[in-house]
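Here is my note on the model, point by point. Please keep the structure open while you read.

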Amino acid sequence: MSGFSCPAGIPARAGAGFKLAHANAILDAPDQLGFVEIHAENFMGDGGVPHRLLTAVRERLPVSLHGVGLSIGAEGPLDKAHLARLGAVAARYEPGLVSEHLAWSTHDGAYYNDLLPLPYTAGTLARVVSHINEVQDTLGRTMLLENPSSYLAFDSSTMDELSFMKAVTRQTGCGLILDVNNVFISAANLGFTAHDYIAAFPVEAVGEIHLAGHAEDADATGAPLLIDTHDRPVAPPVWSLYRAVLERTGRPVPTLIEWDTDIPPFEILAAEVSRADRILQACAATEGVG
């Protein structure tokens with residue numbers, strides 16, 4: 001199966017989110033990772049230790065650039081100053097991939113430190129398509145859009161999430177991040193089947209996969225609730241779902257291990273990366289298995 005093209009060379013291996021605490025370990029043995037992913041907003045300043053360490057890492061490994069603050073789904077226009085800063089980070093580190101979330105985080109000049117959900121309507125679709133086109137025109141490249149982790153569904157939605165994301169890719173030419181942990185969380189919280197979601201996902205548009213840990217909680221009624229925490233190892237059922245994703249893609253896809261809070265020693269993170277790498281290698285050895 002042909003897939004999303006990655007012209008700047010993120011290999012079909014596993015990588016990790018870049019943390020300053022891990023910089024020396026990465027520089028000592030960069031081959032442990034296929035790439036690093038950075039949150040763009042952490043590198044929008046001009047200088048300092050973060051840039052010095054990332055520059056050294058970039059000399060050894062490809063970089064995937066992941067934004068968390070563009071607010072692609074916001075009702076208002078994109079923040080052009082923020083978009084310009086994103087462009088500057090992209091120009092500086094020449095990332096193999098650039099991505100953002102299907103979410104909103106700004107309103108009337110206020111910034112909310114969260115990725116908030118969207119109703120899937122024709123109006124939302126037009127707004128997200130317009131914003132993605134603006135990002136791609138500004139950066140001069142194709143971006144990836146990540147599926148959200150969901151805790152509620154809107155009565156006002158007129159289409160399901162997959163129909164919405166397929167329409168976005170069709171109308172903008174953008175690619176997708178398939179966050180497998182997000183699929184597992186949304187399925188548990190909203191009561192659908194994760195494997196059915198994966199079976200219908202437009203995998204031909206997937207340029208990167210995300211894996212992460214989640215916490216188990218309960219809502220106000222005592223019903224189980226999963227939270228996307230990025231603070232622990234990938235859960236066993238998410239690893240199983242990841243294998244199902246690769247069977248569907250029929251090709252190894254660059255895969256990120258996300259671990260953003262309660263950062264562990266690098267050896268623990270590297271073990272998660274190694275596990276994903278072994279699954280990718282098995283996929284490559286049986287290419288076309290899906």
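1. Start with two helices. Helix H3 (residues 80-93) and H4 have axes that come within 10 Å and cross at roughly 45 degrees. An angle under 35 degrees would count as roughly parallel, and 65 to 115 as roughly perpendicular. H3 and H4 are therefore oblique to each other. The crossing of H3 past H4 is right-handed. Bear in mind that this is a predicted model.

2. Now follow H4 to its other partner in this note. Helix H4 (residues 122-139) packs against helix H5 (residues 161-172) at an angle of about 40 degrees, and their axes are 10 Å apart. That angle makes H4 oblique to H5. H4 passes H5 in a crossing that is right-handed.

3. Arg 141 sits in the loop between H4 and strand S7 (144-146). Is Arg 141 buried or exposed, or partly exposed? Its relative accessible area is 25%, so Arg 141 counts as partly exposed. The cut-offs behind that call are under 20% for buried and over 50% for exposed. How far apart are Arg 141 and Ser 186 in space? The C-alpha to C-alpha distance is 30 Å, and 45 residues separate Arg 141 and Ser 186 in sequence.

4. The hairpin deserves a look. Strand S5 (residues 104-107) pairs with strand S6 (residues 110-116). The sense is antiparallel, over 3 bridges. Trp 104 has Leu 116 in S6 as its bridge partner. There are 2 residues between the strands. In this hairpin, Asp 108 takes a positive phi near 50 degrees.

5. Then Thr 249. Helix H8 (residues 236-249) contains Thr 249. Its relative accessible area is 0%, so Thr 249 is buried. Which backbone atom lies 2.8 Å from a polar atom of the Thr 249 side chain? The backbone oxygen of Arg 251 does.

6. Last, the cysteines. How many disulfides are there? The count is 0 disulfides. The rule asks for a pair of cysteine sulfur atoms within 2.5 Å. Cys 174 has 4% relative accessibility, so Cys 174 counts as buried. Cys 283 is also buried, because its relative accessible area is 6%. Both values fall under the 20% cut-off for buried.

Conventions. Residues are numbered from 1 along each chain as its sequence is written. This is a predicted model: local features need pLDDT of at least 70, side-chain atom pairs count only at pLDDT 80 or more; totals for chains, interfaces and linings use all residues. Side-chain values use heavy atoms; hydrogens and water are left out. Buried means under 20% relative accessible area, exposed over 50%, partly exposed in between (1.4 Å probe, protein chains only). Helices (H or I, at least four residues) and strands (E, at least two) are DSSP runs, numbered from the N terminus. A polar contact is a pair of N or O atoms within 3.5 Å; within protein, one must be able to donate a hydrogen and the other to accept it, and residues adjacent in sequence count only if both atoms are side-chain atoms. Two strands pair if DSSP finds at least two bridges between them. Axes are lines fitted to C-alpha atoms, for helices over the stretch in contact, and angles run from 0 to 180 degrees between N-to-C directions. Angles under 35 degrees count as roughly parallel, over 145 as roughly antiparallel, 65 to 115 as roughly perpendicular and the rest as oblique. A crossing is left-handed if the near helix is turned anticlockwise from the far one by less than a right angle, and right-handed if clockwise.
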